[in-house]
Amino acid sequence: MLGRVNHIALAVPDLSAAVERYRSMLGALLTEPEALPEHGVTVVFVTLDNTKVELLEPLGAGSPVAAFLAKNPAGGMHHICYEVEDILATRDSLVAAGGRVLGDGNPKIGAHGKPVLFLHPKDFFGTLIELEQV
Ligand code: CO
């Protein structure tokens, strides 16, 4: 049912500083910043051979990443994104098994133009999980 790891997301307090650090210290290949107002974040992806790392900076009032950074001011791991073939079927079986989906329960369009859902971290041992339909 679960596919590949699509990306691992790290919340950072200063996206341009994080981009510079990844470029200068790690020689990382990075995408241009993209604002996603519907998700309350600006994102940059570190492009890797086997997956991606998503650097997240809060965007706008009420950003969920701002709340995370209030608890973790230096930044930290924010979520892991798994690929699924059918996001609605995955959601329905998760909910039937007692799992919780964040928000209104319906997929939103994520950073790659594909439907995404977030699962309640308390159901997964403290880690926020994103599902992306590929
Ligand atoms: Co993500």
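**Entry 1: Thr51**

I started with Thr51, which sits in the loop between S4 and S5 (helices, H or I of at least four residues, and strands, E of at least two, are DSSP runs numbered from the N terminus). This is a predicted model, so I kept in mind that local features need pLDDT of at least 70, that side-chain atom pairs count only at pLDDT 80 or more, and that totals for chains, interfaces and linings use all residues. I also noted that residues are numbered from 1 along each chain as its sequence is written, and that side-chain values use heavy atoms, with hydrogens and water left out.

Is Thr51 buried or exposed? Thr51 counts as buried because its relative accessibility is 15% (buried is under 20% relative accessible area, exposed over 50%, partly exposed in between, with a 1.4 Å probe and protein chains only). I listed what Thr51 touches, not counting residues up to four places away in sequence: Val5, Asn6, His7 and Val46 (contact means heavy atoms within 4.5 Å). I also checked Glu20, which is 31 residues from Thr51 along the chain, and the two C-alpha atoms are separated by 20 Å.

**Entry 2: the cobalt ion**

Which residues coordinate the cobalt ion? I found His7 (NE2), Glu54 (OE), His79 (NE2) and Glu130 (OE), at 2.0 to 2.4 Å (donors are N, O and S atoms within 2.8 Å of the metal, or 3.2 Å for Na, K and Ca; water is not among the atoms, so sites may look incomplete). The angles among the four donor atoms run from 83 to 171°, and the site is irregular. For that label I used these cut-offs: four donors are tetrahedral if all angles lie between 85 and 135 degrees; four are square planar and six octahedral if opposite donors are over 155 degrees apart and all others between 65 and 115; anything else is irregular.

I wrote the donor spacing in sequence as H-x46-E-x24-H-x50-E. The pair of His7 in strand S1 and His79 in strand S6 links distant parts of the chain, 72 residues apart. Both of these histidines, His7 and His79, are buried.

**Entry 3: strand pairings**

S1 and S6 run antiparallel and are joined by six bridges (two strands pair if DSSP finds at least two bridges between them). In that pairing Ala11 stands opposite Gly76 in S6.

S6 (residues 76-84) also pairs with S9, this time parallel, again through six bridges. I picked out two positions here: Cys81 has Glu130 in S9 as its bridge partner, and Val84 stands opposite Gln133 in S9. S8 (residues 115-119) runs antiparallel to S9, with four bridges, and Val116 has Glu132 in S9 as its partner.

How enclosed is S9? Five of the six residues of S9 (residues 128-133) are buried, so the strand is largely enclosed by the rest of the structure. Leu128 is in S9 and counts as buried because its relative accessibility is 13%. Leaving aside neighbours within four places in sequence, I found Leu128 in contact with His78, His79, Ile80, Leu102, Phe118, Leu119 and Pro121. Arg91 is 37 residues from Leu128 in sequence and 15 Å away in space, C-alpha to C-alpha.

**Entry 4: cores and H2**

I looked up the largest nonpolar core, which has 11 residues, including Ala9, Ala11, Leu36, Val41, Phe45 and Phe68 (a core is a set of buried Ala, Val, Leu, Ile, Met, Phe, Trp, Tyr and Cys residues joined through side-chain atoms within 4.5 Å). Strand S1 (5-11), strand S4 (41-47) and helix H2 (64-71) each give two or more residues to this core. A second, separate core has 10 residues, among them Val12, Ala18, Val44 and Leu55.

Setting aside neighbours within four places, Ala11 is in contact with Leu56, Val65, Phe68, Leu69, Gly75, Gly76 and His78.

In H2, I noted Val65, Phe68 and Leu69 as buried. They cover an arc of only 95° around the axis, so they lie on the same side of H2 (the arc is that of the directions from the helix axis to the C-beta atoms). Ala70 and Lys71 are exposed on the other side of H2. The buried residues of H2 pack against S1, S4, strand S5 (52-58) and S6.

**Entry 5: Phe125**

Last, I checked the loop between S8 and S9, where Phe125 is found. Phe125 has a positive phi of about 60° although it is not a glycine. Phe125 counts as exposed because its relative accessible area is 80%.
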